Amino acid sequence: VMTYATKPQTEGKWEAHRRYIDVQCVLDGAERMGHAFIADLAVAQEYDADKDCIFYQGAGDFFTARPGSFALFAPDDAHMPGMALAAPAQVRKLVIKVRV
């Protein structure tokens with residue numbers, strides 16, 4: 001469980017994981033989450049095996065996640081969580097990593 005302030009989309013980064021599926025569930029607050037297929041993006045920072053994370057650049061689609069909603073991001077899915085709706089706000093979210 002994590003609590004943080006959302007940030008402007010201009011500060012966001014597309015990320016993906018190879019060893020885990022991310023399940024993200026908003027508990028309090030609301031945020032915009034981005035989704036894009038990694039095949040449609042360009043690598044911005046090479047894969048870090050220790051952190052199981054690779055960063056991308058490009059465009060994707062965004063949706064609003066409110067309390068009780070969740071998203072599941074597989075290894076082929078890049079995601080950009082924690083983006084502000086209109087202005088930065090506090091969010092509390094549960095993130096579960098499922099090994100693949």
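The hairpin of strand 5 and strand 6 has four residues between its strands, and Asp52 takes a positive phi near 50 degrees there. A quick word on terms before going on: strands are DSSP runs of E with at least two residues, helices are runs of H or I with at least four residues, and both are numbered from the N terminus. Two strands count as paired if DSSP finds at least two bridges between them.

This is a predicted model, where local features need pLDDT of at least 70, side-chain atom pairs count only at pLDDT 80 or more, and totals for chains, interfaces and linings use all residues. Residues are numbered from 1 along each chain as its sequence is written, and side-chain values use heavy atoms, with hydrogens and water left out.

**Around the hairpin**

Back to Asp52, which sits in the loop between strand 5 (42–48) and strand 6 (53–57). Asp52 is not a glycine, yet its phi is positive. For background, most residues other than glycine have a negative phi. Asp52 is also buried, at a relative accessible area of 3%. (Buried means under 20% relative accessible area, exposed means over 50%, and partly exposed is in between, using a 1.4 Å probe and protein chains only.)

Strand 5 and strand 6 pair antiparallel over four bridges, and Val43 has Tyr56 of strand 6 as its bridge partner. Strand 6 also pairs with strand 2 (14–16), again in the antiparallel sense, over three bridges. Tyr56 turns up here too, standing opposite Trp14.

**Strand 4 and its partners**

Strand 4 (residues 31–37) is largely enclosed by the rest of the structure, because five of its seven residues are buried. Strand 4 pairs with strand 7 (residues 61–65) in the antiparallel sense over five bridges, and it pairs with strand 9 in the antiparallel sense over five bridges. Gly34 has a partner in each: Phe62 in strand 7 and Met80 in strand 9.

Four strands form an open sheet with antiparallel pairing, in the order 1-10-3-8. Strand 1 and strand 8 (70–73) are the edge strands, each pairing on one side only. From one strand to the next, the twist averages 30 degrees (axes are lines fitted to C-alpha atoms, for helices over the stretch in contact, and angles run from 0 to 180 degrees between N-to-C directions). Strand 1 and strand 10 run antiparallel and are joined by four bridges, with Met2 having Lys93 in strand 10 as its bridge partner.

Thr6 and Lys13 both belong to the loop between strand 1 and strand 2, while Leu72 is found in strand 8. Thr6 counts as buried, at 4% relative accessibility. Here is how far apart some C-alpha atoms are:

| Pair | Apart along the chain | C-alpha separation |
|---|---|---|
| Lys13 and Ala78 | 65 residues | 9.4 Å |
| Leu72 and Gly60 | twelve residues | 16 Å |
| Thr6 and Ile96 | 90 residues | 19 Å |

For contacts, count heavy atoms within 4.5 Å. Leaving aside neighbours within four places in sequence, Lys13 is in contact with Phe55, His79 and Met80.

**The largest pocket**

The largest pocket holds about 180 Å³ of space. Its lining is made up of Met2, Tyr4, Glu15, His17, Asp22, Gln24, His79, Pro81, Gly82, Lys93, Val95 and Lys97. On a 1 Å grid over the protein atoms alone, a pocket is an open set of points with protein on both sides within 12 Å along at least five of seven lines, whereas a cavity is a set where a 1.4 Å probe fits but cannot get out; lining residues have an atom within 4 Å of a point. Grid points are joined across faces, edges and corners, and the volume is the space filled by probe spheres set on the points.

Strand 1 (2–5), strand 3 (20–28), strand 9 (77–83) and strand 10 (90–99) each supply at least two residues of that lining. By type, the lining residues divide into four nonpolar, four polar and four charged.

Definitions and conventions:
Ala, Val, Leu, Ile, Met, Phe, Trp, Tyr, Cys and Pro count as nonpolar, Asp, Glu, Lys and Arg as charged, and the others, Gly among them, as polar.
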